[in-house]
Amino acid sequence: MNRFLHVLRLGWAYRIRRSTWLPYPPYQYTIEPTNSCNLRCPFCPQSDPEHAQRRTFGQLTEANLRVFLERLQDTHPGGRNLNFTLDGEPFLNGDFIPFVELAAQEGYFSIFATNATRLDAPTADRLIAAGRFQASIDFAATPEVFESIRGREGDYDLVLRNLRYLLEQSKTHSGVHVDIHDIAPYTGVDPAVSLAQLRALFPADLPRRIRFDSRIFHNFCGHLPLKRTDGVYRVCPYPWTQMAVAHNGDCLACCRDTVGRSVLGNVFRQPIMEVWNGAAYQRLRQNLVNGRPELNAACKDCDLPWSKGQPRWRPMYVLRSLLRR
Ligand code: SF4
């Protein structure tokens, strides 16, 4: 389906009709390489001591990724991007680079978030050879702030070295896209000042494919306390837009539901459209349309419907992010 037509149909079903049965496939797909991580950042559910009990650790296999890609071809031929982000650090799955290669062979541009602790120079070289990608990487300008959040001594130098190598390669490899997010504002510092300090660590002459911004934090469906910026409820667009798939094929409410509170089907066992328009997905959408997010396990304590002022709600932000993907 043409990308603009897809966005139009999505907008009509979500904004105008508030449909729960959707006449189009998901616009975005995210699939999880693994749900284990080597870090325990406080803003992430991985830092919850009970995280491992909530969802068993496991890894996506190449065979299952092939099943998923076949289902994607049946449902959404011509899809452009494949997001490998949900829970966990993707490079802890030893097959992650072959996944990027396989996705590239099928015509997909890979998107993923990584903490870059495993992204050393040889790994970056293999990744660049595997296919085009966009990496989202959190960082901060000073070791004190970065390591106070990341929780491991020495990680600042390690990640800085890895980032510098990757950004140097980006000058000569057009398939390398990197978003570097400043996480220092989590500690309460001035975002504009810390972002400028972060930017100054890297060469000025980077391609436009390399971007720097301040990370926008959310509460991961209740991992952090729910803050209501006002009393106004907004219908979350994610269940009209994206399908988030765990490493075992379970479809979750969205990419924020990293502990699998709402499981809506399984795409290794069912066709994508059967899950997308299944009873569980439709019920989840109906509860959001009715202003009853508390009836969805994932949405119950999620801050998104109550986060007035977030750029995510601005029409131009939404349109730009949809058309960029
Ligand atoms: S309300 Fe929150 S948990 Fe529910 S689908 Fe939207 S972002 Fe995900």
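Author: Helices are DSSP runs of H or I with at least four residues, strands are E runs of at least two, and both are numbered from the N terminus. The model is predicted, and local features need pLDDT of at least 70, side-chain atom pairs count only at pLDDT 80 or more, while totals for chains, interfaces and linings use all residues. Residues are numbered from 1 along each chain as its sequence is written.

Helix H6 spans residues 143-150, and after it comes Gly151, with a positive phi near 85°. Within H6, Val145, Phe146 and Arg150 are buried (20 or more other C-beta atoms, placed from the backbone, within 10 Å of the residue's own). These residues cover an arc of only 115° around the axis, which puts them on the same side of H6 (the arc being that of the directions from the helix axis to the C-beta atoms). Their cover includes S4 and H7, judged by contacts (C-beta atoms, placed from the backbone, within 7 Å).

Helix H7 itself runs over residues 155-170, and its 16 residues reach 22 Å from the first C-alpha to the last, close to the 22 Å expected at 1.5 Å a residue (1.5 Å times one less than the number of residues). Buried in H7 are Val159, Asn162, Leu163, Leu166, Leu167 and Ser170. Seen down the axis, these buried residues fall within an arc of 130°, so they line one face of H7.

How values were computed: Buried ≥ 20, exposed ≤ 12 C-beta atoms within 10 Å, placed from the backbone. Contact = placed C-beta atoms within 7 Å.
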